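Let's take a look at some charged side chains and the partners they pair up with. Have the structure open while you read.

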Amino acid sequence: MSPLLLGVEEEGQSRVSSPSVECISQNGLGIREWNYLGLSDFCSVDSSGVPDDNGNNLNLKATELRLGLPGSQSPERETEHCFLNSGKLDEKTLFPLLPSKDGICSSSQKSVVTGNKRGFSEVKGTIYTEKKWMGHGAVPDSQSLQPVSHGKYSVAQASVKKDGPANLIQEQPCTSNGTKVNRTDISNNSSAPTANRAQVVGWPPIRSFRTKTLTTSSKNNDEVDGKPGPGTLFVKVSMDGAPYLRKVDLRMYSTYQELSSALEKMFSCFTLGQCGAHGTPGKESLSESKLKDLLHGSEYVLTYEDKDGDWMLVGDVPWEMFIETCRRLKIMKSADAIGLGK
Amino acid sequence: MNYFPDEVLEHVFDFITSHKDRNSVSLVCKSWYKIERYSRQRVFIGNCYSISPERLIARFPGLKSLTLKGKPHFADFNLVPHDWGGFVYPWIKALAKSPIGLEELRLKRMVVSDESLELLSKSFVNFKSLVLVSCEGFTTDGLAAIAANCRFLRELDLQENEVDDHRGHWLSCFPESCTSLISLNFACLRGEVNLGALERLVSRSPNLKSLRLNRAVPLDTLQKLLMRAPQLVDLGIGSYVHDPFSEVYNKLKIAIQRCKSIRSLSGFLEVAPHCMSAIYPICGNLTFLNLSYAPGLHGNKLMKLIQHCRKLQRLWILDCIGDKGLGVVALTCKELQELRVFPSDPFGAGNAAVTEEGLVLVSAGCPKLNSLLYFCQQMTNAALITVAKNCPNFIRFRLCILDPIKPDPVTSQPLDEGFGAIVQSCKGLKRLSLSGLLTDQVFLYIGMYAEQLEMLSIAFAADSDKGMLYVLNGCKKLRKLEIRDCPFGDAALLEDVGKYETMRSLWMSSCEVTLGGCKSVAEKMPSLNVEIIGESEQMEFNLDDKQKVDKMYLYRTLVGHRKDAPEYVSIL
């Protein structure tokens, strides 16, 4: 089962501020947006997984396995920061700029910069941990994270595997803090990088001109005319009755069946809610077959808006053609879908 | 030497064009020094702070062409705060005041203001050529000044600059009398251009050989331009989006076929992949193809295009070509010398990324390969060893594994052996960039074998000071060393401070060097500027000598501390 990614505007890719805003706002809704490994039901997520203050933050940090890339806080480094930054450090830790669920210590900019040196023994330690996990290969869905391509919400394979055990417990398969700490944005907003390669300042070593240009062009492609960007094709998915939209990367799937299952998982909480409302007594987890019944049965149909702006029923054309023309998806109530080219 | 009059020697020196050779010539004796300096027309200054404009002007009164580089290389990746330095204005001001008749100015990683461009345009009657690479600080108003005032302008070449685009009118500033253009490259501009003015300009430029358009130039304009300039050798297409069944597209096909001289093709900033067949007729002649800004072109359409390019010598591409696509390159482009594969999705785990397999295929199929820049998902020692065997002619080998400390995924070993094989096999290697999991061992190899190495970039590597020491001791020709996030400390830094005078510069960031260590270098070597670069917003605080320095940049200089450093840069 391919995981779904929260689509985030690609314009944010080289700017730290917008993704963090998005993260925060999503958090505000109490949604665990990283739960795309499908490790638990969306709505039954234990909100304690979201550290909302710094206390939690540091605890999680202690238990977290990291690659130890720049930004990892080895104890000596932190003391030095306190030395240097007195005011700054306190301020930043009190107001984490990113949801600190992943144990990001969003400490001062200084820590981003000077904390870059990781303890090398730390690195070695974590590399071997990684090896162990690679050996087991049992981390669920870590493989499926491979094709994930969206910048901010993807993660280096290594760190995924390492996060294995932590993942299962904390349900945070991927860091959604994949914001590149861009020098130009440090003054706006700094998020201390964690073990995510996307976090490392100045890595990969690509001219910022190039990054900006490609970001703009793929954003244009994605959003404006639905042309595929390099390897990703994010489209919005709305569902009648759902309070907010989701985004899926159509390139993650190769058949309608896969897309359908993914959408089922993504929107299951809304249908759960529906069930509850219809009197099904407080069932927390609906079996998949029941879900399918809801979606495949008479309740809902999956439709899409094509390049010409028409709403069509999903499933009529070959998959390849579908992804070339699909601009948005909508899960409609069957009642509303009458008249769509059946 | 005494038997030849000066004029004869001068004539002989005319044939010596390489900067290195001319520098050597000037060191032979006083009389050669004198003759050389009066006859020198082209000067290259790799670090604008190593010398002053006044001294340049004093020594080379016949100067016509100046190349200047400003910020350190890692500034490209946002590791250098914004206003660190590299201002061109003082140079232009000094040159303008002097009798020097500047004709060509080439700048890289410098801060260029509109004021400088205006001054430049008004001060040198015969100014012919402006090339700006990776510069910033100017707007299209500055370009308008160049267009309007440089009556004999031949070349305006803007590569990957951050330009504040005030929209279109600068092109209209080229006067009707300007017919001398040979090269016009404005691909990096993001704004609209006056298409009519562009067409007229191209029409009255019979010598135009190189034209690179920006995204705002649509296909129908392209078609008109090509009709007027079939003599083009280098073409950069802006927008390539159109309905393949339209009249315009047919006209384009005809126009392209007339352009039999095109050898270099780039751009495709917006592309409709189904229109690529119009390009096929010229593909067979291409020696340079740059599709690194064309993420819309991938898969089969891309491969088909490449299959037409049998004479390609340089290919710049995005990694969405995939290993399979690189296999097509290997089969088709037997003349390939330079390959650059850029990441299309640098911060993700893109499913179209390339791996070691693609590189191995290319190395096997393209024996002339000598220059590589390769961003990939992973690399193995076995692959590197194979590549080293297949291609012993590498001059530039820059590998970037997107996860910077990733080991060999097959053996979980560091990549020491792989890179070791590269340096051992490629005896002419001048530039090397490392990545992946690396220990001190790789540096031992580099020190032992990389005798011609001039530039080395290291990130997240090594276990101890020994790594840096191996390199400093072994690489006699090293000129530029840039290091980030490695455990090199004062012991390595201070081992041989004299070495730094033989190099252009050393960059160390997020390493283990302390302020005390840096001070020590500065004390022992007055001919070096040792800069400690802080953060733009950082407050002043007293740093103790044991404090680890976040960013240090040192370089040799003949003119002491620079006066234009911002507050957060401390020159020891």
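B:Glu160 counts as buried because its relative accessibility is 16%, and the cut-off for buried is under 20%. Keep in mind that this is a predicted model.

So who does B:Glu160 pair with? One partner is A:Arg207, and the two form a salt bridge. This pair crosses between chains: A:Arg207 sits in the loop between α7 (164–170) and α8 (208–224) of chain A, while B:Glu160 is in the loop between β6 (155–159) and β7 (162–164) of chain B.

Is A:Arg210 buried or exposed? It counts as buried, because its relative accessibility is 3%.

These residues belong to a network of salt bridges that links A:Arg207, A:Arg210, B:Asp76, B:Arg109 and B:Glu160.

Now for a pair inside chain B. B:Arg215 and B:Glu270 meet through their side chains in a salt bridge. B:Arg215 lies in the loop between β9 (210–212) and α9 (219–228), and B:Glu270 lies in strand β11 (residues 264–271), so the pair ties together parts that are 55 residues apart in sequence. B:Arg215 is partly exposed at 22% relative accessibility, and B:Glu270 is partly exposed too, at 28%.

| Salt bridge | N to O distance |
|---|---|
| A:Arg207 – B:Glu160 | 2.5 Å |
| B:Arg215 – B:Glu270 | 3.7 Å |

Over all chains, the structure holds 29 salt bridges.

Definitions and conventions
Residues are numbered from 1 along each chain as its sequence is written. Chains are lettered from A and ligands numbered from 1 in the order in which they are written. This is a predicted model: local features need pLDDT of at least 70, side-chain atom pairs count only at pLDDT 80 or more; totals for chains, interfaces and linings use all residues. Side-chain values use heavy atoms; hydrogens and water are left out. A salt bridge is a side-chain nitrogen of Lys or Arg within 4 Å of a carboxyl oxygen of Asp or Glu. Helices (H or I, at least four residues) and strands (E, at least two) are DSSP runs, numbered from the N terminus. Buried means under 20% relative accessible area, exposed over 50%, partly exposed in between (1.4 Å probe, protein chains only).
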